[in-house]
Structure formats: structure tokens, C-alpha cells
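Hello,

Here is the structure I promised to pass on. Please open it first, then read my notes below.

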Amino acid sequence: QKNEATMDGLFLNDLLKIPERLSRMIALLFQMDGRPLGTDCQPLPDCFTVTDLAMMIHATRVAVSQTLSRWAKEGLIQSQDGQWLFNERLPAAFV
């Protein structure tokens, strides 16, 4: 199972662009926290930072910040009091 997970990670990081990888990682973090994305906007679980997200998807912090800012302008996510807020619209945009 570990080898399969490693291969899945390699394929995702090589085949998907940063927005798709980031969207999937964010949805996965919520799922792992036991509160999948729904209609309500909510902050990332466990205070993950942009730097943490960048490391998880093998991207630069700048690229992740730019992606989050673009999503906010497009209305896919929201920003409130310095936190990014997510709901089910984000992963749905990449299906």
C-alpha cells in the first residue's frame, strides 16, 4: 500500500498542474479532519499555512499564494481576517 501511495503521489505531482494538485490536497485535508467540504465556508484544519500547502504539493509558496489569490478573485474561495475559507465549490471547479 505504501508503494501504491508513493506512485499515486508521483503521478499526481507529475501530471497535474498546481491548481488541481492544490484543490485536491485541500479537499483531502478536510476529509482527513472528518469534515468534508460542504456549502459552508470554513478555514483549513489544524492551521496549515501556505508554506505547508506548498510543501505538500511540491510547489513554491509564491505559486500557491498566487493560486489562492486568483481563486478568491474568481469567487471559488473567500478570505476573512487573514484566513482562506473553502467550501465545496473549489473541488467542483476541477472535476
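A caution before anything else: this is a predicted model.

Start with two helices. Helix α2 covers residues 18-32, and helix α4 covers residues 61-74. They pack at an angle of about 80°. Their axes are 10 Å apart. Angles from 65 to 115 degrees count as roughly perpendicular, so α2 and α4 are roughly perpendicular to each other.

Which residues make this contact? From α2 come I18, P19, L22, S23 and I26. They meet A63, V64, T67, L68, R70 and W71 in α4. By class, the contact of α2 with α4 has 8 nonpolar, 2 polar and 1 charged residues.

Next, the aromatic rings. The count comes to 2 aromatic pairs. One of them is formed by F30 and F86. A pair of aromatic rings is described by the distance of the centres and the angle of the planes. For F30 and F86, the values are 6.2 Å centre to centre and 65° between the planes. That makes the pair edge-to-face. This pair links distant parts of the chain. F30 sits in helix α2, F86 sits in strand β3, and they are 56 residues apart.

Last, the largest pocket. Its volume is about 160 Å³. What lines the largest pocket? The residues are P43, L44, C47, F48, T49, V50, L53, G82, Q83 and W84. Helix α3 (50-57) and strand β3 (83-86) each supply at least two residues of this lining. By class, the lining has 7 nonpolar and 3 polar residues.

Best wishes

Conventions
Residues numbered from 1 in each chain as written. Predicted model: local features only at pLDDT ≥ 70, side-chain atom pairs only at ≥ 80, totals over all residues. Heavy atoms only, no water. 1 Å grid on protein atoms, 1.4 Å probe; cavity = no way out; pocket = protein on both sides within 12 Å on 5 of 7 lines; lining within 4 Å. Points joined across faces, edges and corners; volume = space filled by probe spheres on them. Helix = DSSP H or I, 4+ residues; strand = E, 2+ residues; numbered from the N terminus. Nonpolar A, V, L, I, M, F, W, Y, C, P; charged D, E, K, R; others polar. Axes fitted to C-alpha atoms, helices over the stretch in contact; angles between N-to-C directions. Parallel < 35°, antiparallel > 145°, perpendicular 65-115°, else oblique. Contact = heavy atoms within 4.5 Å. Phe/Tyr/Trp six-rings, centres within 6.5 Å; stacked < 30°, edge-to-face > 60°.
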